[in-house]
Amino acid sequence: MRVLGVDPGLTRCGVGVVEGVAGRPLTMLGVGVVRTPADADIGMRLVGIEQGIEEWIDRFSPELVAVERVFSQHNVRTVMGTAQASAVAMLCASRRGIPVALHTPSEVKAAVTGSGRADKAQVGTMVTRLLRLSEPPKPADAADALALAICHIWRAPAQNRLQQAVAAQNRLQQAVAAQNRLQEAAARHASAVKGRTR
């Protein structure tokens, strides 16, 4: 599986591509950041992020794009910028029919370091170790993007099993509901026939 991880941000949007499967050594194919100037118009910054992510998708042809799920912070301005960059990443992938997965920061930290409260330095250290790199990717946004990709590759098999179980449960519930409707219809029909024969 080849995953493009996106750590959304307006000034620095981390991007990283990891390939592999759960339980085997993973390979980093590319890492970097898409930058936009802080003094530029918000619309132009979003266009810059879109162009940057499109270039990464063209270059690496990921099978899936993993994006950090935006969570509430005290700084609303930061959250808004992160959410806008996140939406651009999801749009770029969806427009091409590439599935998108969202992971919370604590899910990513737990998957990569074993602790949902790990700091950026710990995440960078573990990403370096897991991908057998000579040094931690910089800036931290780039390391976070790789961590997102790693998280998804490792979590995907369990998530797929869970989704299949939920889908099977839904099919079972629909079958039971359909059977109940048929029984109710048969009972109404029998009652109507009985009423006509009296």
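Reader: Which side-chain oxygen reaches the backbone nitrogen of Ala 121 at the start of H4?
Author: A side-chain oxygen of Asp 119 does so, coming within 3.2 Å of that nitrogen. A polar contact is a pair of N or O atoms within 3.5 Å; within protein, one must be able to donate a hydrogen and the other to accept it, and residues adjacent in sequence count only if both atoms are side-chain atoms. The model is a predicted one, in which local features need pLDDT of at least 70 and side-chain atom pairs count only at pLDDT 80 or more, while totals for chains, interfaces and linings use all residues. Residues are numbered from 1 along each chain as its sequence is written, and side-chain values use heavy atoms, with hydrogens and water left out.

Reader: Which residues are buried in H4?
Author: In H4, residues 120–130, they are Val 123, Gly 124, Met 126, Val 127 and Thr 128. Buried means under 20% relative accessible area, exposed over 50%, and partly exposed in between, with a 1.4 Å probe and protein chains only. Helices (H or I, at least four residues) and strands (E, at least two) are DSSP runs, numbered from the N terminus.

Reader: At what angle do H3 and H4 pack?
Author: Helix H3 (residues 105–113) packs against H4 at about 50°, and the axes are 9 Å apart. H3 is therefore oblique to H4. Axes are lines fitted to C-alpha atoms, for helices over the stretch in contact, and angles run from 0 to 180 degrees between N-to-C directions. Angles under 35 degrees count as roughly parallel, over 145 as roughly antiparallel, 65 to 115 as roughly perpendicular and the rest as oblique.

Reader: Is the crossing of H3 and H4 left-handed or right-handed?
Author: H3 and H4 cross in a left-handed way. On the H3 side, the contact is made by Lys 109, Val 112 and Thr 113, and on the H4 side by Gln 122, Val 123, Met 126, Val 127 and Leu 130. Contact means heavy atoms within 4.5 Å.

Reader: How many residues of that contact of H3 with H4 are nonpolar, polar and charged?
Author: There are 5 nonpolar, 2 polar and 1 charged.

Reader: Turning to H1 and H2, how do their axes cross?
Author: The axes of H1 and helix H2 (residues 76–95) cross at roughly 40° and come within 9 Å. The two helices are therefore oblique to each other, and their crossing is right-handed.

Reader: Which residues of H1 and H2 meet?
Author: H1 brings Ile 42, Leu 46, Ile 49, Glu 50, Ile 53, Glu 54 and Ile 57, and H2 brings Gln 84, Ala 85, Val 88, Ala 89, Cys 92, Ala 93 and Arg 95. By class, the contact of H1 with H2 has 10 nonpolar, 1 polar and 3 charged residues.

Reader: Is Glu 54 buried or exposed?
Author: Glu 54 is buried, because its relative accessible area is 14%. Helix H1, where Glu 54 is found, covers residues 42–60. Leaving aside neighbours within four places in sequence, Glu 54 is in contact with Cys 92, Arg 95 and Arg 96.

Reader: And what does Ser 86 contact?
Author: With neighbours within four places in sequence left aside, Ser 86 is in contact with Pro 8, Val 67, Glu 68 and Val 70. Ser 86 is in helix H2 and counts as buried, because its relative accessibility is 3%.

Reader: A change of topic: where does Asp 7 lie?
Author: Asp 7 lies in strand S1, residues 2–7. Asp 7 counts as buried because its relative accessibility is 5%. Among the residues in contact with Asp 7, beyond those within four places in sequence, are Arg 12, Glu 68 and Leu 148.

Reader: What separates the C-alpha atoms of Val 33 and Asp 7?
Author: They are separated by 9.0 Å, and the two residues are 26 residues apart along the chain. Val 33 lies in strand S3, residues 27–35, and counts as partly exposed because its relative accessibility is 22%. Not counting residues up to four places away in sequence, Val 33 touches several residues, including Pro 139.

Reader: Which residue is joined to Pro 139 by a cis peptide bond?
Author: Lys 138 is, with omega about -5°. Pro 139 is found in the loop between H4 and helix H5 (140–197).

Terms used. Left-handed = near helix turned anticlockwise from the far one by under 90°. Nonpolar A, V, L, I, M, F, W, Y, C, P; charged D, E, K, R; others polar.
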